[in-house]
Each structure stands twice: as C-alpha cells, then as structure tokens.
Amino acid sequence: MAQQEDLDELARRRGFFWPSYEIYGGVGGLYDLGPNGTSVKNRIIQLWRDHFIRSSEYPMVEIETPMVTPYEVLEASGHVESFTDPLTICPKCHRVYRADQLAESQLGVKTEGMTIEQLNELYSKETVKCEACGTRLETVQSFNLLFQTWIGPFNSERAFLRPETAQGIFTAFKRTFETARRKLPLGVAQVGRVARNEISPRQSLIRMREFTIMEFEFFFDPEDANALPKKVADTEVRIKLSSGQLYVGTLGDALKKGYVANAWMAYFIHQTLGFMNALGFSTAEVLFLEKGEKERAHYSSQTFDVMVPTKGWGDIEVAGIAYRTDYDLRHHSQKSGEDLSVSVALPQPYARTVVRAKVDRAAIGKRFGERSKEVIDAINQLAASGMPQGRIVLNLSFGSVELDEGIVKFEEVSERVTTRKFYPHVVEPSFGADRLLYAVIDHSITEREGRKILSLPAALAPYDVAVFPLIDDESMKAKALSLVSMLKSSGFYVFYDDDGTIGRRYARVDEIGVPWAITVDDRSIKGEGVTIRDRDSWQQWRVADDQVLSVLGRLRSGEKLYQMDLPRER
RNA sequence: GCGGCCAUCGUCUAGCCUGGUCGAGGACGGCAGCCUUCCAAGCUGUUGACCCGGGUUCAAAUCCCGGUGGCCGCACCA
C-alpha cells in the first residue's frame, strides 16, 4: 500500500507520529504523537468540544475519571466476561475456535462459567477435534483485551486500565446528575486515554493498544418522546443497514421506517455528520454502517459505525453511535447496591389503591426472633400482590407458617402517585481521536507539482499562519519578527522561518498544513504591506499592515482570500 | 496467535546471494556559509545508519539461531 507508506513517511518526517519506544525496538500498537501531530489532535479535540459540548442545544457537561478501574466495575459492565474469549488454535491448520463452545457442541457438556484451567483440563482429558482438519486440540488460552494491573502493594486488589471512558461516566452518574440538578436529558462527556490489549495491532494509528476516546453518554427518559427538530429530520444521510441495504435519504424518513432506533439516535447521527463535515469530510464521504446483532458490543441494542474513506486503508471506522439502553446503569445498580435510577414528576399525578399490611411487630418479634425480618418481608410481598383472602399462610425458608388474625391486618389505602422511577436510557457517540487524526491527514494529503500538500481545514492546522522574510535581510527580518510577536499576542499560532530560500520554506509549511503564509518583501519595508499566500492555490494577495489582523480573523472564520477584494500579487 | 515476505543515516536506498577491497556509498533532507527580491535553484563545507542478543569464522552489514518490530494473508477484535 504505497499511499499508506507515503502517509507514514510524511508523518515521521514532519513530526506527526511515529512508533513509540523506537530506541528499544518499538512496541506494537503504541505510537508517539510528534509536535505537529499533537497540535492537530488537540485541535480535533477542541473542535469536538466546541461542536458537541459548547454549542450543544441540550445540557452537556464534561468530566474526567481515572484510567485505573477496579475489577468489579468492569465485571458489572460485562467487560471482564465479554472481553475474554477462551480460544483454542488448531496446531495444524491454524483455525481458531471459541474453546468453550466447541467443547460444548462436541462433548455435550456444559462449559458455561468454566475457567481457562478447567477448560484446559477438559481438553487434555477429552478429545476435541478441529472441525476442519480433524487434528486434536489440546490447549486453551485466554484472550482478554483488558490490560490488567493492581492497586496498591502486595497485589491486593485487581484492576484494569479502562477499555472505554464510559464506565467512569456511569459510576459517577449519581453525582453528576445531582450537579446538573437532576434534569434529563443530560449529556456527560469525557475525553481520555483508554487501553485495549489488542491481539494483533496493525494499520498504523488505526488499531492501537492505547488511544484517546472522545465520547459522551447522553442520558434521556425513554418515555419522553421527543420530536425530531426539522433541521435534523431534513438532513440527508447515507446509512448502510445491517440487512445490507443502502439507504440514502433524510433522517426523518429513516426514523419513520424504523431504520434508526429512536429520535435521539437520529439526532446524534445528525450532529456527528456536522462534526465530520467540519473535519473536512463531505456528507457523501460519511457512511453510517449499522452493525448486525452478533457484531455489536454486549451492551448495545443498535450501533452505527461511522465510516470514512482513506487512501491507505479503505473505509475505516472513526466513531460509533451506540444505543446502550439502560444496560449500564441497571447493571451497576445491581452490582453496587446503589440505586442509580431517577425519578421524574408525573405531569398528571394519579391515585391508586394499594394494600398495606399493618403488622404487630412486637408479636412477630416474640414469635420469630431473628427470623422476623424474613417474615415481615414475606408479608409485604404478599400485600403487594393484592388483598389476601382467607387464612394467611407464608412459605418461608424454615417452613410454612400460618399467621393469626391479630398479628397482621391488611387494608386498602388510596395513594397518590406523583413520580415515575426508571433507569435513564443512553445514546453513546464515541469518537477515536487518533483515528480521526489519521483520517484527517489521509484525507488532506494532495500533491501539486510533485510536492506534498496537507490541505487541512484551517481550524485543524498545527499553525494558523507562517511568517517569512523574503530574503535574509536584516530589515525584512526585523519587520517579520515584529509581525510575529504582534500575531502571537493576538492569539495566533505562528510559524517563523528565515532559513534557505523562500520556495523551500513554502514547501515546508505546505507539508505540515499551514494554511497561510505571510511574506515580508522590499515593498513591505517601504510600508506597502505584506503578501499573504494561500496554501492550496499558491496565489498571493497584498495586505496593508493595519489590515493583517482583520484579514486573518476573517480567514479564520471561513472567508476566502479571493473573496476579499485584495490586490492580487501573483 | 499462525504462515509468507522484510529490517542499512531524518527519509529513500546501494552493498548481502559469492564474508575481507565498508574507515558502509549515493540521493534528498537537516545544519553552517556564500549567493539569492516569491515557490524544494546553484556552490562549498558539515551532520548522520548496518534493529537487538547469541553463534560460526582469523575476519560478519553480509552466513546460522533466537528475539523485537513492520508489511501482506488467515484468525481475532471494535
């Protein structure tokens, strides 16, 4: 793949990224970002924050939680189980099988919940064969993508590095929700590093063992049917359904036809498309790919991968939009014992009649002693299922018990119901910052007269503007340097260079994607302004000294040089 | 994890098969200088590499073994 190597070569040479720990031979799946790569990535993150948090029409907050995650958190989330596959590999034909499933189908034994050791024992005692070539399979190994570690000395508490930032958001939900004054919907965002111990990391920045995720969990009331804003309903998208059908049409229609699970999913598809547009991808280049049931993560009931084309690696996934339902909050509630459900006021409170048990606790205590709690629980349970008729008989762990009339009385009570309790549902858009960095660079590389140009969107360039004296001349340098400090104090990232010839300097900044270059020439010395060059067209205009700031400001907000009615230079 | 191919200055590469002539050559880049008034110009100088560890040999960039890493395929994974 020549294109891919081209990009890697440019990335190394110009300080975007390179393999980590190179002086020790490198480690697969770990990459350093160089100065330019770091700048561009930071700007991608900045743009993401602007788009999804700062400009959000709905409440959206950002938090930060640790990478180190206790064992039980990822156990509750299902990752301990779902990220570990017991695998067996045929020594002869190298086919790989899920060891538990293969044994279950061939030996008819239940393997659910078996450890790797138990499976290994099973494989050494019984004969399990490769389904393709018949070779006996003898060993089982575990592939868990979670990076394991320990908290504290003496290996006391097992822990993992998080595979997603989402679990920190779920485990902090109660406090975050409280801070947001208990209102739904609520988006909680997090940008952070995650680690996955990939079996076989490849493809440059696309599959790494440690990377940055930008994601948010958008919590909403599943019964609060929100109407799709018109601008969202009218948005044209390309969706490839899990059935294989390609749908090209509006989000409103996709929702009506049931292609998209709910209005919030549709809304965030729209928002995601807008973000991808800002990164330079046209709507026609962005494909929302629905994942089939078996391809989805364990927590998801609908997932769209966001795919963009690259020259080096074909279509790559840069984001996922998953409908996680109430899976995570529900499981964390069960596991932790903390109630993570929320209550909302009903618009129309209503009355209902319930059965209440009035218990003579003193009598219960005398008769049942330390078993009293079980008895009382059983009585309440009985009451919950309606008014008991006839004799009161309870089936308890220590036998059947009949209660006397006097010890408990049931009565119907009218009760006002003013709230509804539920686990918020969650839509999770999750972006891979490093994959986006790769995709943006790939997308931006063009060639002109044998030179490489990185046509990054201006908002993503590592520098806003370059400043050059045309030649190595003291007065030109002095003027250029004072321009540099003026621009810096006005908030621009400025690249200054007075080395070599002007053409070489233009070529250098073209390669790192600097959108504009200001050159100080002999006319500038006479007070006749400076030239400003456009990276992509190589055209130049002359700008008066006192116009430089405003021209750059207009450029930054999206205006083009040729629209500004400036004198053309060359 | 498996199989095939591969690993030399920052980058691209010559050399390896047939061990010594390699104190590892070139190009581009970088740096310093000269020259230069708008697109990698020219000249001079300079910087800088045999992936790591063993072995064979008088002698290893070169042959052998192991490791690490990369690419491709299979498999796995989101």
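View 1. Helix H17 (502-512) supplies seven residues, the largest share. Helix H1 (2-13), strand E5 (84-89) and strand E29 (530-534) are among the elements that each give at least two. Helices (H or I, at least four residues) and strands (E, at least two) are DSSP runs, numbered from the N terminus.

**View 2. Side chains at the bases of RNA strand B.** A polar side-chain atom of Tyr506 lies 2.6 Å from a base oxygen. Base nitrogens have polar side-chain atoms of Thr531 at 3.0 Å and of Arg14 at 3.4 Å.

**View 3. The largest nonpolar core.** This core has 80 residues, and those with the most contacts inside it include Ile44, Trp48, Met214 and Phe275. A nonpolar core is a set of buried Ala, Val, Leu, Ile, Met, Phe, Trp, Tyr and Cys residues joined through side-chain atoms within 4.5 Å, buried meaning under 20% relative accessible area (1.4 Å probe, protein chains only). Helix H11 (residues 263-278) gives the most to this core, with 10 residues. Leaving aside neighbours within four places in sequence, Phe275 is in contact (heavy atoms within 4.5 Å) with residues including Leu47, His51, Phe431 and Leu436. A second, separate core of 22 residues includes Val484, Phe492, Trp541 and Val551.

**View 4. Backbone geometry at Pro185, Tyr21 and Thr325.** Most residues other than glycine have a negative phi, and most peptide bonds are trans. The bond from Leu184 to Pro185 is cis, with omega near -5°; Pro185 lies in the loop between helix H8 (173-179) and strand E12 (186-195). Tyr21 has a positive phi of about 55° and lies in the loop between strands E1 (17-19) and E2 (31-33). Tyr21 counts as exposed (over 50%) because its relative accessibility is 51%. Thr325, in strand E18 (residues 314-325), has phi near 50°.

**Notes.** Residues are numbered from 1 along each chain as its sequence is written, and chains are lettered from A and ligands numbered from 1 in the order in which they are written. In this predicted model, local features need pLDDT of at least 70, side-chain atom pairs count only at pLDDT 80 or more, and totals for chains, interfaces and linings use all residues, while side-chain values use heavy atoms, without hydrogens and water.

Methods:
Polar contact = N/O pair within 3.5 Å; in protein donor to acceptor, adjacent residues only side chain to side chain.
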